[in-house]
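Reader: I should like to discuss the model shown below and the terms used to describe it.

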Amino acid sequence: MAIILPGRRRGVRDKLSRLHWPLIILLTMIAGAGVVTLYSVAEGNWEPWAIKHGLRYLAALGILAGVAMVPIRYWMALAYPTYFAALFALALVPFIGEVNMGARRWIEFGGLQFQPSEAMKIGLVLGLARYYHSLRAEQVSHILYLIPPALMVGAPVGLIFIQPDLGTALLLAATGAIMIFVAGLSWRIGFLGILGGVAAGYAAYRFDILKEYQLRRITTFLDPERDPLGQGYHLLQSKTGIGSGGLTGKGFMEGTQAQLKFLPEMQTDFIFTVFGEEFGFVGAIGLLLVYLAVIFVGLSIAMQSKLHFARMMAVGVVATFTLYVLINTGMVMGLAPVVGVPLPLVSYGGTVMLTIMAGFGLVMSAHVHRDQDMYRSGDSL
Amino acid sequence: MAGVNAHDPERQETVSRRTVLLGGGVSLLFGGVAARLYQLQIADHQKYLDLAQENQFNRRVLTPLRGEIVDRFGGPLASNRKNFRVLLVPEQARDVDAILDKINKITPVSEDKRARVMREIRRRGAFTPVQIADNLSWEDFSKLNFELPHLSGVLPDVGETRDYPYGADAAFVVGYVGAVTERDLSAQESDEDRVLLRQPGFKVGREGLERTYEDELRGEAGVMNVKINAHGRVIEEMVDSAVPPSQGRTLTLTIDSELQAHAMKVLAEPTPGVDQDTQSAAAVVMDVITGDILVLASTPAFNPNDFNVGIDPDLWRDLNASPYKPLLNKPLSGVYPPGSTFKVISAVAAQRAGVKPNHSVHCSGRVWYGNRYFHCWKRGGHGHVDMKNSLKHSCDVFYYDIAKTLEIDLLADTARKFGLGQTYELGIPGQQRGVVPDRDWKREYFAGNPAQQPWFQGETLSCIIGQGYVTSTPLQLAVMSARVATGKAVRPRLVRAVGDLVLPAPEAPLIDVDQDYLAVVRAGMNAVTNEYGTAARSRLEDPDWQMAGKTGTSQVYAITAEDRAHGLAKPEDLPWARRDHALFVSYMPFENPRYACAVVVEHGIGGARAAGPKARDIMKVVAEKDPASRTPLDPRTLARASGVREG
């Protein structure tokens, strides 16, 4: 292999060889766990979930590779436009959105249904990464330079909150906070920010700033069954499923909780319960370790990138991914409230799969183009 | 340069440091998740394993006992008995055929039954228990319980089944229950009812009072939570929180079941001198004061217990094919020309038209009217006959003579006043009205044939002796006797109380005719039995229980000259279905009437010969027992938990 100078353009063949193959293998292992579990949930049938899940993953893998091949300067150039396009779409939702299950989240776009909040997960990561790319180290904690990222996070979070989709709003807020923290925000301001956020949240709750119907919408969201007993019942069944799995699990397709249909949403939100019941502590820890490996690989890619934009972007994608995993596993085990968050690449569902894989495409792009650096303005060196 | 070139080591160092911190934080949180997994799957594993195996609650519907149907003294006509039965949960049985083979060794499971079980499983799904055998003996039931470990999915169960202690004797009084159909399910208003009706072996009223009073008899379902383990077996019944079922309400009837059984026996007895295997007959006994029906008998009858457990198809076919119509409730749904029993009405109608009781007619055996002779039943004639004797000897010519000028609408109005041409609220579906012809009726009846629409006076000659268009049911004839006896518009009733709610006896106002007209009718009826009239053989000897009566023989087929030429001398020579119907109406005691009785023997040849003696034999026992003088059951004293009767 020839010595390649920084900034030199590479051919596709070169770039393929620079893909982070271990990361792809790890992602494939997770998706494979999804296929196996979905097969079991369908009582040993490829239909209706397992086969589609596998095919979607392969398609999404193609998208990942495609995104990785694109020179990173294009993504940098597209960062703000992507963010603002997503924000514009989000702003349109209250006016032209489709109402589904009491919430307005989807808009029609050329005959396709499209969820702007999902696009914003990528858009916000790109936008913040682009913003911090242009900042000097000492500017990060300067109060004036904190206003734009606060707005960049606050605007979509607010729009999604009123849809209402509290889970995604909190997920985005947390992703933004992590990126700002990694960008180098001073501990003092970070601590004050957390305090302020907690105080604001408490005030909103304590002083009835939320209207009664808004509260009801939030509780509706928190409790999709709209049944005060339903959530507790499902959580108990979920814990029972995982707990009864024991050290080595009941075996593939032998989970009584799952097979006797005691669990809700087994193919989406509660799929970790099925996995834990059938493959036990050993299997569940194994799956968590694979997730952790993906996270570490992603973070190491971030650290190896010369380009500040790439570093921040990789951190943002990994943060979103991590939050998904932690909230979902915490939720099915009673550590987090039940807020309809799927387990990435294992839960059945095309939109989230696409978002996650496109995100890892960006991480992969950072890896492929790790030697490149650029001016703060975004111009090539 | 620093402001332009992105290369900024300080910034990179910060990000790297913070990224490492982030990685550390994430690791910590993952550690927390792992700790939670450890807690659930290792530390508390046993607890959750037990929960998974045991905590699966299931709601079980507790079937209520069906309300009993009792007679006027509280004796059961329809009750419940224990039924040892076997249920199967297909989902747990896996191989249903193999299980049925094993059960077949203990108690027979016919191919028919097997097909029915399979059909049931397909219809109800794998999780609903299906009844595969019932009415097991205690021995078989014990054997089955012993074999249970080898019979997965089999549930032995003690249910209740409907029991009709009087069998066929009270079949037409109570009706019967049958299995639930899709139509029953869709007719239910609430989901609770549908769930109850889907219980294995549940029965609903199909016929008679069982059907009419279904809502009152069914009762209220209870509910109990049961814990089911991972294999679906019940491991604990949550008795404390259970809502017990409540039994349906008891239906107290006016029937006297002893008399009912006696009447059924009497009806079935053959007529002396007539060779016949079955007697197709009906009898009604009622209290002329209260209208209480004491006997509602119909032979031959089916056994409602046969329907209860699912009727055998061969038996069903036989019941339907029999010329004696064992499924027809003859007292209420059988219609017969009343024949000469109708003359009690004709005598009243004649007086309303101005004929005096001492009016006398010479009977020469026949009368010429229009273009033909009308014959008296007595070929040689009765000589001079007045009104009383016209009843005593049942002279037809006396009535022909009156009919020449009698307005048919007046005759019809009189018949209706005495209870013909209408149905009564008894709670038994399928009652017939019979026909009381008048001018309006004929116009309507012959709507398609204008030439036949006007009333011809010659038809009055037929109607006045209870022939022609006139038809009636045995119940109507009993009501007619009761009304003649009392002069009141007595209405019959069958249900005396629903639960502890006692229903008031129906009002019986005086009949809207001159009550003096009835004196000669009663005297005539008394003469029929007690003064050597047509039914002298059916006289009751007890001076306290003198019975007045009236015979009737209604023509089914007119014997022709050609028949006679072929050597047909006696009515017995005709095939059964062409013989005349035999009827008898009566009441007693003559001086102070309390009971009325009507008997119809289908194709019984003669009222005096076939029907009168049966009425006498029934009324004799009625007189001995005198049920109206005994205190009936007070429904308020009914024990609520009469429960299942042993045996």
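Reader: Which pLDDT value do residues 640-647 of chain B stay under, and how many contacts beyond four places in sequence does the model have for them?

Author: This is a predicted model. Over residues 640-647 of chain B the pLDDT stays under 50, and the model has 20 contacts for them beyond four places in sequence. Where pLDDT is low, the predicted coordinates should not be read in detail.

Reader: What is the mean pLDDT of chain B?

Author: The mean for chain B is 88, and 94% of its residues reach 70 or more. Residues 1-5 of chain B, however, have pLDDT below 50, with ten contacts in the model beyond near neighbours in sequence.

Reader: How do you know that chain A and chain B are in contact?

Author: Contact requires heavy atoms within 4.5 Å. In the model, 59 residues of chain A are in contact with 40 residues of chain B. The area buried between the two chains is about 4200 Å², with carbon and sulfur atoms giving 70%.

Reader: What makes a pair a salt bridge, and how many are counted between chain A and chain B?

Author: A side-chain nitrogen of Lys or Arg must lie within 4 Å of a carboxyl oxygen of Asp or Glu. The count between chain A and chain B is zero. Polar contact, by comparison, is counted for twelve residue pairs, both residues at pLDDT 80 or more.

Reader: Which helices of chain A supply at least two residues each to the side that touches chain B?

Author: They are H5, H7, H10, H11, H12 and H13 of chain A. The largest share, 13 residues, comes from H12(A). The residues of this side of chain A comprise 34 nonpolar, 19 polar and six charged.

Conventions: Residues are numbered from 1 along each chain as its sequence is written. Chains are lettered from A and ligands numbered from 1 in the order in which they are written. Side-chain values use heavy atoms; hydrogens and water are left out. Buried area is the accessible area (1.4 Å probe) that two parts lose on being put together, summed over both. A polar contact is a pair of N or O atoms within 3.5 Å; within protein, one must be able to donate a hydrogen and the other to accept it, and residues adjacent in sequence count only if both atoms are side-chain atoms. Helices (H or I, at least four residues) and strands (E, at least two) are DSSP runs, numbered from the N terminus. Ala, Val, Leu, Ile, Met, Phe, Trp, Tyr, Cys and Pro count as nonpolar, Asp, Glu, Lys and Arg as charged, and the others, Gly among them, as polar. pLDDT is the predictor's confidence in each residue, from 0 to 100.
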